[in-house]
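Hello! Here are my notes for you to read alongside the model; please keep the viewer open as you go.

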Amino acid sequence: MKKAGVVGAGGFAGIQAVSILNSHPEFELIAISSVSNEGMKLEELYPSFTGTRAGSLVFLDTDEIVEKDLDVVFLAVPHKASLSITPRFIDKGVAVIDLSADFRIEDPAVYEKWYGVKHDQLELLKKRSFGLPELFSEEINNAHENYLKHEDVLVACAGCYVTASTLAAKPFVESELFDNEMPPVIDAISGLTGAGKKATEKSMYVNVNENYSVYGVTKHRHTPEMEQILGTSVVFTPHLAPANRGILSTVTMKTKKDVATSAEEIHSLYDDFYKDSNFVKVLPLGQFPQTSSVTGTNFAHIGIAFNEELGIVIAIAAIDNLVKGAAGQGVQCANIVFGFDEMAGLANVALPV
């Protein structure tokens, strides 16, 4: 078994990675770290791990986990932190699966504009593979080849909103039907875990319960990542729901005026695009996704509708933001990098009720 570690294991994405790795058939989780929980046992902070093989692991500090003999490390850290941590693991020959934003954006100037941080790891940025296998299979396969050749492996996994929204938009945007004079309009709603574990006024129970809100209008940092993937401008508006998990992203796009099409043709386009995907499921025409159908899994469900009179395509995607939107996607990428079954360790059925 390959030895794995999780940096930032005390947070929501980090503990989801721990949960998946805890029972993974190919990876052995041997080390976890957390700045704010250093010295605690995992089962003390998260009693659900009591009696499991990972439960007795103790949260280390960053220096301690860097010194561990690891084959792969998952970074569930805020932006900027990965810039200093990643090179330390790469120098030791450890494959890095980064769930943060630091290596997602190809253009460092764009990253610096949106994140307000200078990117000082430009050589690593050039080497990184983008972690959204359904849309960037060549890049993740290149990471696998790098692993086989004992070269540096750095996978920058796509963001949660980005994953749901671009999986919904990409097949149509790449088609000859898409009218690029109207940018895709993306309205996405997320559960509270998407905001991270740190308590804020916005995340207080009294402000979230029975309340739907909008935030980051025209300013959300996932915008340039979506535009990088889709090759077009987008109008992105994120919303917060009084729920723990899940993202439901609705993408509205325009067909060209001089191109005739139908709901069946567009649905067929999506079916064909994702026909070889293990995790993206295009629902039958007339059915639409819901977050409860993917909770706890690495699946993305996509539904399609077409307003023929207006020439408007609506593509809707549902994912679990902590799994396909973060830790699960990271494990999916790691499975491919190490030559394991892509679905290894990833639950294939959501909770039915």
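1. Ground rules. This is a predicted model, so local features need pLDDT of at least 70 and side-chain atom pairs count only at pLDDT 80 or more, while totals for chains, interfaces and linings use all residues. Residues are numbered from 1 along each chain as its sequence is written, and side-chain values use heavy atoms, with hydrogens and water left out.

2. The main core. A nonpolar core here is a set of buried Ala, Val, Leu, Ile, Met, Phe, Trp, Tyr and Cys residues joined through side-chain atoms within 4.5 Å; buried is under 20% relative accessible area, exposed is over 50%, and partly exposed is in between (1.4 Å probe, protein chains only). The largest such core has 42 residues, and those with the most contacts inside it are Val6, Val18, Ile32, Leu42, Phe74 and Val155. Elements giving it two or more residues include β1 (2-7), α1 (12-22), β2 (27-33) and α12 (323-337); helices (H or I, at least four residues) and strands (E, at least two) are DSSP runs numbered from the N terminus. The most comes from α12, with seven residues.

3. Contact means heavy atoms within 4.5 Å. Leaving aside residues up to four places away in sequence, Leu42 touches Ile15, Val18, Ile32, Phe49, Ala54, Gly55, Leu57 and Phe59.

4. A buried serine. Ser249 belongs to strand β11 (residues 247-254). How accessible is Ser249? Its relative accessible area is 0%, so Ser249 is buried. The side chain of Ser249 makes a polar contact with the side chain of Ser165 at 2.8 Å (a pair of N or O atoms within 3.5 Å; within protein, one must be able to donate a hydrogen and the other to accept it, and residues adjacent in sequence count only if both atoms are side-chain atoms). Beyond four places in sequence, residues touching Ser249 include Ile186, Asp187 and Ala317.

5. Two backbone angles to look at. His150, in the loop between α7 and β7, has a positive phi of about 60 degrees although it is not a glycine. Thr218, in the loop between β9 (213-214) and α10 (223-230), also has a positive phi, near 65 degrees. His150 counts as exposed because its relative accessibility is 75%, and Thr218 counts as exposed at 61%.

6. Salt bridges. Taking a side-chain nitrogen of Lys or Arg within 4 Å of a carboxyl oxygen of Asp or Glu as the rule, the count comes to ten. One of them joins Arg88 and Asp63, with the closest N and O atoms 2.9 Å apart; Arg88 is in helix α4 (residues 81-91) and Asp63 in helix α3 (residues 62-66), 25 residues apart. Glu225 pairs with Arg104 at 3.6 Å, linking helix α10 to the loop between β5 and α5 (108-115), 121 residues apart. Both Glu225 and Arg104 are buried.

7. Arg245 and Asp320 meet in a salt bridge at 2.9 Å, N to O. Arg245 lies in the loop between β10 (235-240) and β11 and Asp320 in the loop between β14 (312-319) and α12, so the pair ties together parts 75 residues apart in sequence. Arg245 is partly exposed at 30%, whereas Asp320 is buried at 1%.
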